[in-house]
Amino acid sequence: MTVRRKQPEQLRSHRWYGVNDVRSFGHRSRTAQMGYSRADYAGKPVIAIINTWSDINPCHSHFRQRAEEVKRGIWQAGGFPVEIPAITLSEPFQKPTTMLYRNLLAMETEELLRSYPADGAVLMGGCDKTTPGLLMGAISMNMPAIYMPGGPMLRGNWRDQTLGSGSDVWKYWAELRAGNINEDQWQEIENGIARSPGHCMTMGTASTMTSASEALGFTLPGAASIPAADSRHARMATETGRRIVDMVWEDLKPRDFLTAASFDNAITAVLAIGGSTNALVHLVALARRAGIPLTLNRFDELSRTTPLIANIRPAGKYLMEDFFYAGGLRALLATIGDKLALDARTVNGRTLGENVSGAEVFNREVILPRDRALVASGSLAVLRGNLAPDGAVIKPAAAEPRLLKHSGPALVFADYNDMAARIDDPALDVTADSVLVLKNAGPLGAPGMPEWGQLPIPKKILAQGVRDMLRISDARMSGTSYGACVLHVAPESFAGGPLAFVRDGDVIELDVAERRLELKISDAELARRRAEWKMPPPRFERGYGALYQQHITQADQGCDFDFLEGTAPTPEPEIH
């Protein structure tokens, strides 16, 4: 295919630097103030490096150095790098949840790229909501952009046991509460579970979304699997910097290569790796930014025919470091190539099929053959019924099989604080068959739809040896979590969804095979409770929170702001 290349005077940055007027004089003189001559930037693509590095984000602690390696590639390819910091979304620290601020990062990314003299962008992220936030903004701006994943951290270690972030936190926290390990052992785990830069090395939201971004075509081939501490990650950063310069000359923009087939590829990849349920919310939001209608039904359709073949925690045994050594995402995608649209274009100008061609699996215990899949199909399931008319999601592979068809009495918690105050009360009226229900944990109710969906097992039930119960909420769940957790119930309870009307003792029935979630009360009783219900007062009276609650959509629609969806153009800034 012949690619028509831009001329220097067609560069967007030419409006800032190349015009002979007083404004351009100011731009050039201020660039000289920073130690650059005209030869450094004249007629060259200006590349914005959107860097989400921060002292409060351990997942991105290597990004100061990686930004320099990206710059090296940009200089080598004849571009002019400009590093611009953006808000960091640090999953371990930001409260109540980074999800509250994903759309703020998306807005910031879009507006940074629009308001400055950028011709292209390298997006530096990795920690959970950073990936979708950066990509959402880049898709809306629709200038040449490439994503540079931060990479997973190295394996954790404790007493010769391999530890995985998140998954083993929940596992050993339950054992501590049950009295099976002591405080000294718990502290040893604390000191050994996270021991390098990078995001979670389990198949949490971070590894899920960086893998999805590669399957979408937003990264260089193989970029999502490289551990953050590996020298190959530094080389990938430089290659990313080199590639974005050519993308500018080729004018290859996100909406040039993103299609419905690209999103099918991303969904299929998520299913095959046992990815986080959070991917549903994020991929729907990304697709809607690209003008592509994507619904929960498509996830369920593809789930029914896609095998889960990545043997990675929490669904499997291994970690992302093992996955990389086994061949990484390229090898996995090659294994399921017949289920992918291999002609989908990607940021390197080639097709997905060309990018995975020749990839080999080096460890068949980590990337399983399809006839030994962890789950032959159905690793995610979208549920509907009178309790979730707009949908809910469960990860069957992470649940005990006995709970995939279950009926039991509801034990209702009004909100997270109510749950935290009562969950370990010895007098709690709960049995192993109870269905734990958490209300007011959705986009508006929490606010921000935090990862509260893996409700803890009550201490009295843990003492009986039980490690899984059916749990239902309008919250999300960390991709590192596990259990029979029904999530993303829509509409949420705070907005008057049926979850708001559940009472203690109500029988709830789950049938994953039938994709059904039902509150076993009559329609008349449900209508009576709805008529009695009153919406709670708003969570915010000012600031970003007030904007958020006025415009946030529900989980099945991607939790984006309604005014940011779609492809309506925003005018370029006037330069006067």
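This is a predicted model: local features need pLDDT of at least 70, side-chain atom pairs count only at pLDDT 80 or more; totals for chains, interfaces and linings use all residues.

1. Residues are numbered from 1 along each chain as its sequence is written, and side-chain values use heavy atoms, with hydrogens and water left out.

2. Rings of Phe, Tyr and Trp (its six-membered ring) pair if their centres lie within 6.5 Å; planes under 30 degrees apart count as stacked, over 60 as edge-to-face and the rest as tilted. The count by this rule is 16 aromatic pairs. One of them is Tyr101 with Tyr544, stacked at 5.6 Å centre to centre with 20° between the planes. Tyr101 sits in the loop between strand 2 (80-85) and helix 5 (102-115), and Tyr544 in helix 21 (residues 543-551), so the pair links parts of the chain 443 residues apart (helices are DSSP runs of H or I, at least four residues, and strands of E, at least two, numbered from the N terminus).

3. Tyr101 and Tyr544 are buried (under 20% relative accessible area, with exposed over 50% and partly exposed in between; 1.4 Å probe, protein chains only). The rings of Tyr544 and Tyr548 have centres 6.4 Å apart and planes at 50°, so this pair is tilted. Both residues lie in helix 21, 4 residues apart, about one turn of the helix. Tyr548 is buried, as is Tyr544.

4. A cluster of ring pairs links Tyr17, Tyr36, Tyr41, Trp75 and Phe80.

5. Strand 13 (residues 507-511) and strand 14 (residues 516-519) run antiparallel, joined by 4 bridges (two strands pair if DSSP finds at least two bridges between them). Glu509 has Glu518 in strand 14 as its bridge partner. The two strands form a hairpin with 4 residues between them, and Arg515 in the turn has a positive phi of about 60°.
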